[in-house]
Amino acid sequence: MILDPIVLFQVLVWGVVIGSIYMLLATGLALLFGVMKLINFAHGELMMIGAFLTFLLASRLGVNPYLAVFASMAAVGLLGVAIEELAFRPIRGTAKINEIFLSIALILILQNALARAFVPYFREYAQIRTPYATRVFALGIVNIRYDFAILLGLTWAIMVALYVFLFHTGFGRELRGTSQNRVASMLMGVDVQRIDRLAFGISAALAALAGSLYGIINPFSPYGGTLPAIKAFAVIILGGLGSVRGAVVGGLLYGIVESFATFFLGGSWRDAIAFVLLALVLLIRPEGLFRGTA
Amino acid sequence: MTRLCGTGVTKRFGGLVALAGVDFEVGAGEIVGLIGQNGAGKTTLINVIAGVYQPDAGSITLDGQPLTRLGPDRITRLGVARTFQVPQPFPSLTILENVMVGLVFGREACRPGDAAQRARPVLDAVGLAGKADLRPTSLTVVELRKLELARALASGARVLLLDEINAGLTAAEMQEAVALIRTLREGGIGILMVEHVMRIVMQVCERIIVLHFGRKIADGTPAAIAADPDVVAAYLGERRIRPGGDRAGG
Amino acid sequence: MTRRFRRTLAIAAVMFLLPALLLAMVRELFILQILTFVFIFAIYAQSWNLVAHSGQFSLGHASFLGVGAYASVLLVQHLRLPPAAAILVGALLPAGVGLAIGGLCLRLREWYFGMVTFGVTAIVQVLVVEQFGWLTNRWDGLDAPRLVPAGLPLERVADLNYLIALGLMVAAYVAVASIMNSKAGLAFSAIHDNELVAAGCGVDVRRYRLLAMAAGGYLAGLAGALNSHTLTRHVSPGIFGLEDSIWPLLYSIAGGLRTPEGPILGTLVVRVVWEWALRRLGGFESLVLIGSLLALVVIFVPRGLYPLAAAAMSRVGARRRRPAGVTPP
């Protein structure tokens, strides 16, 4: 095989773009795990609901998708709060495994409710159309899509905002404190239930962002969230559970590795790579590659 | 006769040396106390003997048979049983079944069909006979400790490792436990007990081992230990200054 | 013979006789088909539940279902084994897969275990399609011959399928109930509750976890093979999807986790609700309904329906045995 540097660079760019999406998903999961020691298996469904809302706003009301994203994030964030309130709160303190079962129930509910809502609009797949879909700009010898640049800018703006929120606001401090030691935070007078709602809301909103961006660069279906979410789980295991830094680095790296592996090994391996990697890491270093808390 | 014998047992966690070349012996029918401050390595030593951790150096034998490198289940089947600092019953099994686990999988390797019958006298011995069919969630802390002991006994142990079996008990309950421990060694079981309540240690143990930052600094009769200046300086003296410092062990 | 085993046999007898009687009375093909499905998937749920009993909550059970189906079909195609023998022999392959996955995941518990078993299913699918594509006909899959000899009238075929599935379900029930009541069952419970303490009591955790995975692999593979030789008559890589890994968990939770009766009751109830819903509502709505029911069960009846039903039955029984006028405490 002749390796064309231009092609390789494009594979890298794609890896960074898809990696940013994994990063957003993994960051939400890591936050949630940090605060509540909870894994929401239905994360991918929240992601796809986010994509769908952005799609509706863009295609029906003609809103610019990059603005519609924010409305979608707010709506899915609220949905996340409601899920925490109505579903996970009542089983807090029972067997850990019940949370997995409940997540699976949520997958069935959200996925199929979404699929039902999809029906009038399209058959199986949709894609969010942006005004810049065909525009590219030259970066040295390669052309980069406008959408990729905006998408990366938006992702990093949100990540910086999240960083500022976590490290420079009182609420953020309480959240990080709860993530390190829930009981101590409770004793210090922190309303941990409010922190739970907050964490769930942020996590869901990040999923909605991830989904919307995913829907801009890929055609998507109501079932499309499962695999990206599972990969994000793999990423947070690799990155050390509950570690936001691990999720950020791990998500990006994973996207790049996946992009190259798909390029070299072929498409049907794309989804299995995550698990080969995961299995290897769990065998060699079960505590993850990074260790730490938010 | 020496039942359990350790020589030069060493365990490191990263840079921390939790146990540095500790020698110890527990004879048949002997009750040996294991004392030391927080982080002295007491629970680590119990875990190393029980096979939860592998020692980095040194060897441990039971009746002359080497235990080092064996897994915790093998070690239990050879006849070393333990209790945990925090009682750890099997919540989905009844009290009787909890004890049956010890009988069936321990050194006795009792047939499951007979285990239910044989578990009853063990429950009797610790005073839980009336609760056989309940689940552990309905037991008090004292009863949970008794269950813990019953399960360990049921495994047919030749050596019993007791990790703070008296923690959280009242004075009367402690005396009950002491009486129970004393009846156990009649059968030739060797007992190594981590204990913080000095009164109990002095009362029941024939010999006491003192650990200090992973090293053994003394090993002798209660009277000799109480008089040992190193021990007084390192441990007993400290106790007077920090009476709250005798919680969870290392 | 112990009291528990006699109870198991009594339940097994009822479990076999009632549906067998039903066969004599009900002639609607679609009802027989639904029940055949229930029998087959009750075996599958039984397998998941047995593995869960040992503290291993698999989210990748479809691996076993699929490998069992492929193995059986290939045995018939290439070694000319009669399908009835092939389903029993073929299930040894998923049992081996169970050992392999179990060995890989020995250090994992709870959702780590769930995650990796789920992931492994994706890998198995790729392997079946890519690496073994020459054998498995890639995405198109393979046709599965009938379980019963060719030439029988269709109605007889349906009856035989029904009876064979029923018989195997009852056999699986007796096997699993016996395992749960045996030494292995005690070990599974101990491991389920606390692996470290179980090892401290002398339980060989690795051995029993692997045993559960191998037994689970066998039963699930058997169900997969049975399904493809009777109901679907085809096997394709779609079988390694998330949905087929979720169903057995649903059935087991609804019926009652970690009881040998639970998965059977759960499969029956969930499947009947499902068939009813499909006829009234759309497919999506039915799945939303099933998901909601699962959520309600997890939140409000975490132990499932069977313990509830059993408690109600024994209350009725107790009332009947009691002399009139005396109320239970």
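In this predicted model, 36 residues of chain A are in contact with 34 residues of chain C. On the chain A side, four helices each supply at least two of the touching residues: helix 3 (65–91), helix 4 (97–118), helix 9 and helix 11 (270–284). Helix 4 of chain A provides the largest share, 14 residues. By class, the side of chain A that touches chain C consists of 28 nonpolar, five polar and three charged residues.

Chain C also meets chain B. Here 24 residues of chain B are in contact with 19 residues of chain C. Helix 2 (72–78), helix 3 (95–105) and helix 4 (112–126) of chain B each give at least two residues to the side that touches chain C. Helix 3 of chain B gives the most, with six residues. The side of chain B that touches chain C divides into eleven nonpolar, eight polar and five charged residues.

Two pairs of chains are in contact, and of these chains A and C share the most contacts. Chain A and chain B do not touch, and their nearest C-alpha atoms are 11 Å apart. For the complex, the predictor gives an ipTM of 0.88 and a pTM of 0.88. Chain C has a mean pLDDT of 91, with 96% of its residues at 70 or more. Within chain C, the pLDDT is below 50 over residues 323–329, a stretch that has two contacts in the model beyond near neighbours in sequence.

Among the buried residues are A:Thr226, A:Pro228, A:Lys231, A:Phe233 and A:Leu238. A:Leu227, also in helix 9 of chain A, counts as partly exposed because 15 C-beta neighbours lie inside 10 Å, whereas a buried residue has 20 or more. In sequence, A:Leu227 and A:Val13 are 214 residues apart, and their C-alpha atoms are 21 Å apart in space. Just after helix 9 of chain A comes A:Gly240, which takes a positive phi of about 90 degrees.

Elsewhere in chain A, two other helices pack against each other. In general, such a pair is described by the angle between the helix axes and the distance between those axes. Helix 5 (residues 146–168) and helix 8 (residues 192–217) of chain A pack at an angle of about 175 degrees, with their axes 11 Å apart. Helix 5 and helix 8 of chain A are therefore roughly antiparallel to each other. From helix 5 of chain A, the contact uses A:Asp147, A:Leu151, A:Thr155 and A:Ile158, and from helix 8 of chain A it uses A:Leu209, A:Leu213, A:Ile216 and A:Ile217. The residues of this contact comprise six nonpolar, one polar and one charged.

B:Asp63 has a positive phi of about 50 degrees and sits in the loop between strand 4 (57–62) and strand 5 (65–66) of chain B. B:Asp63 counts as partly exposed, with 15 C-beta neighbours inside 10 Å. In chain C, C:Arg138 has a positive phi of about 45 degrees. The place of C:Arg138 is the loop between helix 7 (133–136) and strand 1 (142–143) of chain C. C:Arg138 is partly exposed, with 15 other C-beta atoms within 10 Å.

One more loop residue belongs to chain B. B:Pro89 lies in the loop between strand 6 (80–82) and helix 3 of chain B. Is B:Pro89 buried or exposed? B:Pro89 is buried, because 21 other C-beta atoms lie within 10 Å. Leaving aside residues up to four places away in sequence, B:Pro89 touches B:Asn98, B:Pro136, B:Leu144 and B:Leu147. B:Pro89 and B:Val99 are ten residues apart in sequence, with their C-alpha atoms 9.6 Å apart in space.

Conventions: Residues are numbered from 1 along each chain as its sequence is written. Chains are lettered from A and ligands numbered from 1 in the order in which they are written. This is a predicted model: local features need pLDDT of at least 70, side-chain atom pairs count only at pLDDT 80 or more; totals for chains, interfaces and linings use all residues. Axes are lines fitted to C-alpha atoms, for helices over the stretch in contact, and angles run from 0 to 180 degrees between N-to-C directions. Angles under 35 degrees count as roughly parallel, over 145 as roughly antiparallel, 65 to 115 as roughly perpendicular and the rest as oblique. Two residues are in contact if their C-beta atoms, placed from the backbone, lie within 7 Å. Ala, Val, Leu, Ile, Met, Phe, Trp, Tyr, Cys and Pro count as nonpolar, Asp, Glu, Lys and Arg as charged, and the others, Gly among them, as polar. A residue is buried if 20 or more other C-beta atoms lie within 10 Å of its own, exposed if 12 or fewer, and partly exposed in between; C-beta atoms are placed from the backbone. pLDDT is the predictor's confidence in each residue, from 0 to 100.
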